[in-house]
Amino acid sequence: MEKFNQVVSTAVPMPIEDIDTDQIIPARFLKATSRDGFGDNLFRDWRYVQGDEPKADFVLNDPTFSGEILVAGRNFGCGSSREHAAWALYDYGFKVVVSSFFADIFKGNALNNGLLPVQVSESFLQELIAAIKADPSTSITVNLPEQTISYNGQSESFEVNSYKKECLLNGYDDIDFLVSIKEEIEAYEASSNVI
């Protein structure tokens, strides 16, 4: 994974509540064996009319909005536990998803795949969405070391699991993390007479 420290970007507003993983990446696109290419089908049924004709009124097809941050409504990532939803968002180019609530399994899948779920208060979320819609060039800063999200002089803290934070900051998956503490593991095994 890439190291994650700070993202400074414009954002795509999608103030829809209860976006589930089947809407993020429909089940019929889950046949691939690698993580690449899932971004092409992100929100497929919302982005396209039957076939490949883009729906002009869907936000990902609107050139007004772009960036590495998706700002979504409450209860993002509900539904099935498919990890492909995080793959699709990341492959599309999003590094951060902001919402006032995330489904637990989606949150874990996102963190395991280098995508940072930033949970904020409902009032902060609504003000952020309004700011982006009023000015699509609004710059948002997501600072992982400080665990803050800020824009236009407004700021809020967010929580993140300390282990997952360390993994993101160092670009580790779970195996990379274990390799990084190999000497500590070996020292413990030697001192504990672990077989």
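**Aromatic pairs, burial and charges over rings**

The rule for ring pairs gives a count of 9 aromatic pairs in this structure. The model is predicted, so local features need pLDDT of at least 70 and side-chain atom pairs count only at pLDDT 80 or more, while totals for chains, interfaces and linings use all residues. Side-chain values use heavy atoms, with hydrogens and water left out, and residues are numbered from 1 along each chain as its sequence is written.

Q: Why is the aromatic pair of Phe-102 and Phe-106 called stacked?
A: Rings of Phe, Tyr and Trp (its six-membered ring) pair if their centres lie within 6.5 Å, and planes under 30 degrees apart count as stacked, over 60 as edge-to-face and the rest as tilted. Phe-102 and Phe-106 are 6.2 Å apart centre to centre, with 15 degrees between the planes, and therefore form a stacked pair.

Q: What makes Phe-102 count as buried?
A: Buried means under 20% relative accessible area, exposed over 50%, and partly exposed in between (1.4 Å probe, protein chains only). Phe-102 has 0% relative accessibility and is therefore buried.

Q: Why does Phe-106 count as buried?
A: The relative accessible area of Phe-106 is 3%, so this residue is buried too.

Q: How do you know that Arg-44 lies over the face of Tyr-48?
A: A charge sits over a ring if NZ of Lys or CZ of Arg is within 6 Å of the ring centre and within 35 degrees of the ring normal. Arg-44 lies over the face of Tyr-48 at 4.2 Å from the ring centre.
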